Amino acid sequence: MDWLQVVVLSVIQGLTEFLPISSSAHLILVPVLTDWTDQGLVFDVAMHLGSLMAVVIYFRAELRRMVLSWATTLGSARHGRVVDPDARLAWWVLLATIPVCVVGFALHDYIEASMRSPFWIAGGLIVFGLLLAYADWKPRQDLSEYQLTLRHAMLVGLSQVLALIPGTSRSGITITAALLLGLSRESAARFSFLLSIPVIILASGLEIVDLMQEPQVIDWTQLITGVLLSGLSAYLCIHYFLAFIKRIGMQPFVVYRVVLGLWLLWIFW
């Protein structure tokens, strides 16, 4: 890769991982719309690790409370008596990750082979963008992520399975589901970001397994640059996105998704 490709891909990954506009769609489209060669599995892992570092650092205080509370309530959890809100939220994040892990593992090869075309991406952008618009417009209770029930968490987790379709957006579909269940915009986004942590860890783990089977030449300078740039852009994205949606909501992202989807249909039809 040349350095322009390193910078562009890293920033795109960092920004789109947490915005409801589909990071996979943008990373798939870059080589389609340019003459750049595929960046390779090593660089994919680096960019995901950068995004993971960003969300962990941003939510470090909440994660520390959640982990400590979760560890101290393991005994009561076995008897269904988890009352600590941080421990309960930790359990909800873990349990809500199970559906996408099971389905993703079973269908990974099929999705990679059959669903990465511009038409799938365009459809996912438009359809799930309009669903996000509806979820943002409808009246809701403005609950916090700490008021989620197990049923709510599992419904959000089941919605996350749809993110396996390119163009859907993992953050977009989980925020949509959380909004439909009554969470405030900020709480829906925060729960979505927390859900991203185990998903990115597991996805990166699968990529590392594939990488061990097909070793690649590593340019460590570009690799470290990718981690830092994707991490920095992801951190800034999380911070400003949470502030932005309080005032304006999700509609600018809906408009972007629909326009991008229609443009893709136009140029590839």
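**Helix packing and ring pairs in a predicted model**

Student: At what angle do helix 7 and helix 9 pack, and how far apart are their axes?

Tutor: Helix 7 (residues 118–137) packs on helix 9 (residues 170–180) at an angle of about 30 degrees, and their axes are 9 Å apart. Axes here are lines fitted to C-alpha atoms, for helices over the stretch in contact, with angles running from 0 to 180 degrees between N-to-C directions. Helices (H or I, at least four residues) and strands (E, at least two) are DSSP runs numbered from the N terminus.

Student: What kind of model is this?

Tutor: This is a predicted model, in which local features need pLDDT of at least 70 and side-chain atom pairs count only at pLDDT 80 or more, while totals for chains, interfaces and linings use all residues. Residues are numbered from 1 along each chain as its sequence is written, and side-chain values use heavy atoms, with hydrogens and water left out.

Student: Back to helix 7 and helix 9: parallel or antiparallel?

Tutor: The angle of about 30 degrees makes helix 7 roughly parallel to helix 9. Angles under 35 degrees count as roughly parallel, over 145 as roughly antiparallel, 65 to 115 as roughly perpendicular and the rest as oblique.

Student: Is that crossing left-handed or right-handed?

Tutor: Helix 7 and helix 9 cross in a left-handed sense. A crossing is left-handed if the near helix is turned anticlockwise from the far one by less than a right angle, and right-handed if clockwise.

Student: Which residues make the contact?

Tutor: Helix 7 contributes F128, L131, L132, Y134, A135 and D136, and helix 9 contributes G172, I173, I175, T176, L179 and L180. Contact means heavy atoms within 4.5 Å. By class, the residues in the contact of helix 7 with helix 9 are nine nonpolar, two polar and one charged. Ala, Val, Leu, Ile, Met, Phe, Trp, Tyr, Cys and Pro count as nonpolar, Asp, Glu, Lys and Arg as charged, and the others, Gly among them, as polar.

Student: And A135, buried or exposed?

Tutor: A135 of helix 7 has 0% relative accessibility and counts as buried. Buried means under 20% relative accessible area, exposed over 50% and partly exposed in between (1.4 Å probe, protein chains only). Not counting residues up to four places away in sequence, A135 touches R140, T176, L179 and L180. The C-alpha atoms of A135 and A177 are separated by 7.7 Å, although the two residues are 42 residues apart along the chain.

Student: Next topic: how do helix 1 and helix 11 cross?

Tutor: The axes of helix 1 (residues 3–16) and helix 11 cross at roughly 35 degrees and come within 7 Å. Their crossing is right-handed. The contact includes W3, V6 and V7 of helix 1 and T221, Q222 and T225 of helix 11. Its residues divide into eight nonpolar, nine polar and no charged.

Student: What does G231 touch?

Tutor: G231, placed in helix 11, touches G50, S51 and A54, not counting residues up to four places away in sequence. At 12% relative accessibility, G231 counts as buried.

Student: How many aromatic pairs are there?

Tutor: The count comes to eight aromatic pairs. Rings of Phe, Tyr and Trp (its six-membered ring) pair if their centres lie within 6.5 Å; planes under 30 degrees apart count as stacked, over 60 as edge-to-face and the rest as tilted. One of the pairs is Y58 with Y235, whose ring centres are 5.3 Å apart and whose planes stand at 65 degrees, so the pair is edge-to-face. This pair links distant parts of the chain, with Y58 in helix 3 (residues 41–58) and Y235 in helix 11 (residues 220–247), 177 residues apart. Y235 counts as partly exposed, at 29% relative accessibility.

Student: What about the rings of F241 and F253?

Tutor: The rings of F241 and F253 have centres 5.3 Å apart and planes at 65 degrees, so this pair is edge-to-face. F241 lies in helix 11 and F253 in helix 12 (residues 251–268), so the pair ties together parts 12 residues apart in sequence. F241 is buried, with a relative accessible area of 2%, and F253 is buried at 12%.

Student: Which residues do ring pairs link into a cluster?

Tutor: The cluster linked by ring pairs comprises F18, Y58, F59, F193, Y235, F241, F244 and F253.
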